[in-house]
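We will go step by step.

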Amino acid sequence: MAKDGWTRPAREALRPDRGFRLADLDPSSTPGWKGDSEDAEARLAEVGLELAELQERLFAQSRTGGSRSVLLVLQGMDTSGKGGIVRHVIGYVEPQGVTHRAFGVPTEQERAHHYLWRIGQALPEPGRIGVFDRSHYEDVLVVRVHDLVPPTVWGARYEEINDFEKDVVDSGTTVVKVALVISPDEQRARLRERLDREDKRWKYKPGDLDERVLWPRYTEAYQAVFDRTNTDRAPWFVIPADRKWYARLAVAELLTQALRDLDPRWPPVTFDVEAEKDRLDAQVL
Ligand code: AMP
Ligand code: MG
């Protein structure tokens, strides 16, 4: 089945259009994918290998002056599967090709700076795939929901973020923004599993339940993000994520497509390959 499981390319099926309403999205749906979970896993294994090779080409290019990189921004409520994306999708790419950064509550040092400062510090070097587990969008999500700054302050941030992302893109970084959307029921089940399983308990915080009751306000805040920062330059993709296998495949497709678009080539060598082979053959140690 593999590729044929997609009836529409992921980047078309998952891009919110004008009039998109997050509240109307079915988190258990699988837009554009007609296969089952096994088909999706088979396809992920294929795309993962392609992703790894494309990143290696991009890295090789950067060694000879290439300036391109890719940034994957992952947003989503607690338990939406951001960590799983890192393990199961980014895991295909070799570690030195990836810069991963998780953004939590700003540290004292970070709070002394503009909110975009820590983001600018974490952008990927040429040749790398950067992964943000949460991002500058927290500054218009958790910050908005909890009134951590006045509305006039967070209200000005959407345009500021668009301008910031324009600079990032202009400097050679392709930006792929992904929001993983789960249902409240699915979150309940996943939080319950975190409580039940000793190997997952470390991820649980009692405060997660206090965030959970703010679900409608988060939905509103995410809606504003999609309405105001879904630019063609740095597009959002909204991914139904109740089915982990679908979300992982979808992100793999989006990221791989971003690299395909860059079409990274193995760099030409600056030496005479045949002459080097002759020299190697002639060496006696
Ligand atoms: P986790 O991703 O589960 O480790 O949690 C990280 C926490 O940091 C989440 O509750 C975020 O909402 C919070 N966080 C991330 N960025 C910010 C920010 N700029 N201001 C306040 N809280 C933040
Ligand atoms: Mg958490």
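By class, how many nonpolar, polar and charged residues are in the shell around ligand 1? Six are nonpolar, one is polar and six are charged. Keep in mind that this model is predicted.

**Stop 1: the ligand.** Select ligand 1. The place to look is the largest pocket, where ligand 1 sits. Now show the residues around the ligand. There are 13 of them, and those that come nearest are Val105, Arg118, Arg134, Glu138 and Asp139.

**Stop 2: polar contacts.** Select Arg118. An N or O atom in the Arg118 side chain is 3.2 Å from a nitrogen atom of ligand 1. Move to Arg134. Here a polar side-chain atom lies 2.6 Å from an oxygen atom of ligand 1. Then pick Glu138. One of its polar side-chain atoms is 3.1 Å from an oxygen atom of the ligand. Next, show the surface. On its own, ligand 1 has 500 Å² of accessible area, and the protein covers 76% of that.

Stop 3: Zoom out and select residues 36-261. An unreviewed UniProt entry labels this span "domain: Polyphosphate kinase-2-related".

Note on methods: Residues are numbered from 1 along each chain as its sequence is written. Chains are lettered from A and ligands numbered from 1 in the order in which they are written. This is a predicted model: local features need pLDDT of at least 70, side-chain atom pairs count only at pLDDT 80 or more; totals for chains, interfaces and linings use all residues. Side-chain values use heavy atoms; hydrogens and water are left out. A residue is near a molecule or strand if one of its heavy atoms lies within 4 Å of it. A polar contact is a pair of N or O atoms within 3.5 Å; within protein, one must be able to donate a hydrogen and the other to accept it, and residues adjacent in sequence count only if both atoms are side-chain atoms. Accessible areas come from the Shrake-Rupley method with a 1.4 Å probe; for residues, only the protein chains shown count as cover. On a 1 Å grid over the protein atoms alone, a cavity is a set of points where a 1.4 Å probe fits but cannot get out, and a pocket is an open set with protein on both sides within 12 Å along at least five of seven lines; lining residues have an atom within 4 Å of a point. A molecule sits in a cavity or pocket if more than half of its atoms lie within 2 Å of its grid points. Ala, Val, Leu, Ile, Met, Phe, Trp, Tyr, Cys and Pro count as nonpolar, Asp, Glu, Lys and Arg as charged, and the others, Gly among them, as polar. UniProt positions are given in the numbering used here, feature names are shortened, and annotations may be inferred rather than shown by experiment.
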